[in-house]
Amino acid sequence: MSQRPARRTRSGARHLALFLAHWAGGHTVSNEELLRRIIKQRADAHQEALEEHRRLVLKAHKKATKLHRIAEEDGGLTPAAKAELKAATNEAERHTAALRALGEFTVPALDPGQVRHRRRRIAAARCAVLAAPAAGITAATVAGAWWTGPTAAVLGVLTSWARGPQAFDLTVRPVPADLIAETPMVLAVPGAAPAPVVAPVVAAAAGLPPVPPMPTTAPGTAGFAPGTAVEGGQDLVPALSKALGACRVIPRGTQVTLLAAPEVTAERWTAVVRLPDDTGATVDHVVAARKNLGGELGLDRARLHVEQVAGADDKTLRVSGFTTDPFARPRLCTVEMLGGVDVWEQGIPVAFDAFGRLLYLRLRDVSILLGGSSRSGKGAVLRLIIAGCLLDSRVRLHLADGKHPGQYRWSLLADSYIYDPDKRAKQLAKRLEALVAEMGERAGRLAAVGVESLAERPDLVGTEGLTLEVVVVDEVSAFTLDAKYGKRITKALIELAARGLAFGIVLILATQLSTAGVLDRLVTSNVVWRWCMYATGADESNTILGKGMAGRGYSAHLLDPEQRGSGLLLAEGRVSTVRSLWLDGDDMTAVQDMIRALRAEPTTPAPPPAPAQAPVPAPSPAPTGEAVAEADWSVLDGWLEQAAPPVPGPARVPAGALQRLRALEVIRQAGPDGIKRAALADAVGAAATTVGGWLKEWTVQGVIEALGSPPHTRYAATDGSQ
């Protein structure tokens with residue numbers, strides 16, 4: 001026999017109240033889980049403190065070692081360097097003492113009150129969640145919605161009646177498996193109360209923790225022969241999957257797919273894997289977690305390399321681990337590497353990547369923005385670029401030195417060198433504006449042969465009027481922030497960055513990142529290569545690589561500041577870690593000698609013109625027996641030796657008339673296909689509206705004809721000279 005409705009409603013309300021009280025009081029969480037969470041939090045904090053002190057110790061040791069080496073090479077140190085050495089030594093001793101004080105992490109016997117405190121915090125949060133609906137109903141009732149209170153009461157009664165005498169199971173959730181795996185030092189006793197028995201476990205070595213050694217083989221590749229691609233690698237998949245799961249790149253329990261057999265050598269191991277589908281994980285997530293991933297694999301950040309496989313999707317990546325930092329040792333650029341350089345096709349060797357592959361800079365449709373803090377190695381890159389450009393006779397180099405005498409060694413070799421602090425901004429403004437004006441003439445030359453850029457006709461590079469004009473500006477801020485000429489320079493840079501590459505005008509810009517707004521966004525957005533050396537912060541790195549790159553894991557402030565020339569290169573949509581080559585010493589001297597020999601003016605005098613032959617008059621018949629008199633040519637010889645009197649030239653033609661004549665010539669050279677108004681305006685350097693008036697006038701006169709309809713109208717000549 002069923003219960004009466006009122007009794008059933010009271011029973012259901014009691015069961016609901018008990019369940020909500022059980023949940024809101026935090027009793028669904030066991031004491032063991034709370035204890036494990038407290039221990040995990042303390043272990044993580046202890047490990048973070050160890051890693052921070054270890055990093056500072058290694059940094060201080062590296063600086064002290066560098067100063068000791070300088071002292072050995074120079075026979076002593078300056079007073080300032082001695083002070084730096086003393087400060088570095090004290091810093092290393094202080095952090096070493098802190099590491100010894102931290103010592104081993106041993107799980108303590110926690111006071112039960114700490115567990116109760118953690119449960120109360122959970123209860124407070126849950127009670128706030130339960131109070132939110134009641135507060136909303138009250139606020140709505142006060143605001144005038146009187147029906148909300150009775151409606152909520154009716155719903156509560158109906159819910160209680162529906163529950164009736166069926167009691168809830170007031171259970172305690174099991175401890176998450178992830179938490180148990182992360183706190184193996186906590187051992188639960190079977191059959192005992194939820195409070196665990198704690199066993200002390202060593203979590204970190206005391207003293208100065210050494211850098212984790214590189215494994216001789218890849219994780220899970222024991223038994224693979226170094227140097228050859230091998231079959232297998234089944235153990236590598238769980239190792240990488242576990243590491244990626246620990247870094248929260250992919251969910252725990254999922255696995256990556258090994259796409260090729262891992263390569264293992266004495267110097268490195270490499271594996272090509274694909275992230276699991278339906279996880280949202282991409283290569284950028286792996287790059288952002290590279291530091292933690294290296295720790296899981298027993299490597300530091302410098303010895304772990306992650307890159308997207310060229311031509312593959314965003315889930316396919318190549319992971320490599322190295323025995324030593326691949327950029328630890330600098331690499332020289334020899335004179336043989338720069339011999340016979342072709343900046344357009346082959347390129348200039350400027351850097352090497354983690355695998356030792358050379359990186360070549362080709363000036364075909366490429367401009368560069370180079371940034372980094374002071375003494376980060378920008379000068380080494382500029383040295384290589386300048387040397388490579390000067391070794392190609394098709395290049396005219398314009399060098400603006402904003403931190404003279406930084407590039408003074410090239411002053412006598414470059415086509416123009418700007419350095420005077422009092423005049424450099426004005427001189428650079430004039431030089432850039434002249435190149436902007438020259439773009440119109442170059443456009444006309446290209447239009448005459450039916451192309452729009454030099455990339456379409458490489459054979460024209462270096463011909464008359466189409467030499468490669470390379471503008472190198474070292475320390476851009478010295479020019480763009482000039483009070484009088486900064487705006488003119490910026491305007492010209494915007495024009496050249498937007499259109500100059502098509503006509504063989506290349507920009508190489510270097511800055512120290514110290515001031516925001518050094519370069520206009522319209523300049524940086526049109527730069528093809530962005531190369532950032534060591535920067536002091538993520539914001540400074542983003543000024544070169546682009547907004548948001550640091551959040552994706554690409555930030556130059558994570559590089560080693562002692563490795564001058566190391567940097568992040570953003571080219572063709574991909575970011576690579578590279579280090580510039582080093583050109584110095586005998587190689588530098590030999591390269592400069594090669595440049596002087598290549599660009600020296602010819603010293604052999606030109607052969608004199610052949611003397612003019614005087615006309616020989618026809619001999620007149622002489623009387624028989626009478627001697628013929630010899631002709632006297634001395635007067636004629638005097639006339640030939642005298643300079644010809646100047647011929648009066650035509651009257652000066654107005655500039656507008658010259659532009660009109662040139663416009664007609666460009667139209668005739670375009671042939672029967674014709675040329676558009678915009679291209680014609682660029683070719684003659686006149687405004688598009690002005691050119692439009694000429695075209696209208698000439699069309700009415702019948703000199704030219706319009707082909708097609710707007711906006712695709714082209715104009716071709718109608719006279720016989722086309």
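Student: At what angle do the axes of helix H1 (residues 5–24) and helix H5 (residues 148–163) cross, and within what distance do they come?

Tutor: This is a predicted model, where local features need pLDDT of at least 70, side-chain atom pairs count only at pLDDT 80 or more, and totals for chains, interfaces and linings use all residues. Residues are numbered from 1 along each chain as its sequence is written, and side-chain values use heavy atoms, leaving out hydrogens and water.

Now your helices. The axes of H1 and H5 cross at roughly 95° and come within 7 Å. H1 is therefore roughly perpendicular to H5. (Angles under 35 degrees count as roughly parallel, over 145 as roughly antiparallel, 65 to 115 as roughly perpendicular and the rest as oblique.) Axes are lines fitted to C-alpha atoms, for helices over the stretch in contact, with angles from 0 to 180 degrees between N-to-C directions. Helices (H or I, at least four residues) and strands (E, at least two) are DSSP runs, numbered from the N terminus.

Who touches whom? From H1 come Pro5, Arg8, Thr9, Gly12, Ala13 and Leu16. They meet Val157, Thr159, Ser160, Trp161, Ala162 and Arg163 of H5. Contact means heavy atoms within 4.5 Å. By class, the residues of this contact are 6 nonpolar, 4 polar and 2 charged. (Ala, Val, Leu, Ile, Met, Phe, Trp, Tyr, Cys and Pro count as nonpolar, Asp, Glu, Lys and Arg as charged, and the others, Gly among them, as polar.)

H1 also packs with helix H4 (residues 112–142). Here the angle is about 135° and the axes are 8 Å apart. H1 and H4 are therefore oblique to each other.

The whole structure holds 2 cavities of 30 Å³ or more. On a 1 Å grid over the protein atoms alone, a cavity is a set of points where a 1.4 Å probe fits but cannot get out; a pocket is an open set with protein on both sides within 12 Å along at least five of seven lines; lining residues have an atom within 4 Å of a point. Points are joined across faces, edges and corners, and a volume is the space filled by probe spheres set on them.

The largest cavity holds about 40 Å³ of space. Its lining is Leu240, Leu244, Val273, Val286, Leu293, Leu317 and Val319. By class, that is 7 nonpolar, no polar and no charged residues.

Last, the second largest pocket has a volume of about 450 Å³. It has 18 lining residues, and Ala447, Val451, Glu452, Ile675 and Ala679 are the closest to its centre. H12 gives the largest share of the lining, 4 residues. The lining divides into 10 nonpolar, 3 polar and 5 charged residues. Domain 3 (335–357 + 366–586) and domain 4 (611–721) both contribute to it, so this pocket lies between them. The domain bounds come from an automatic or database domain assignment.
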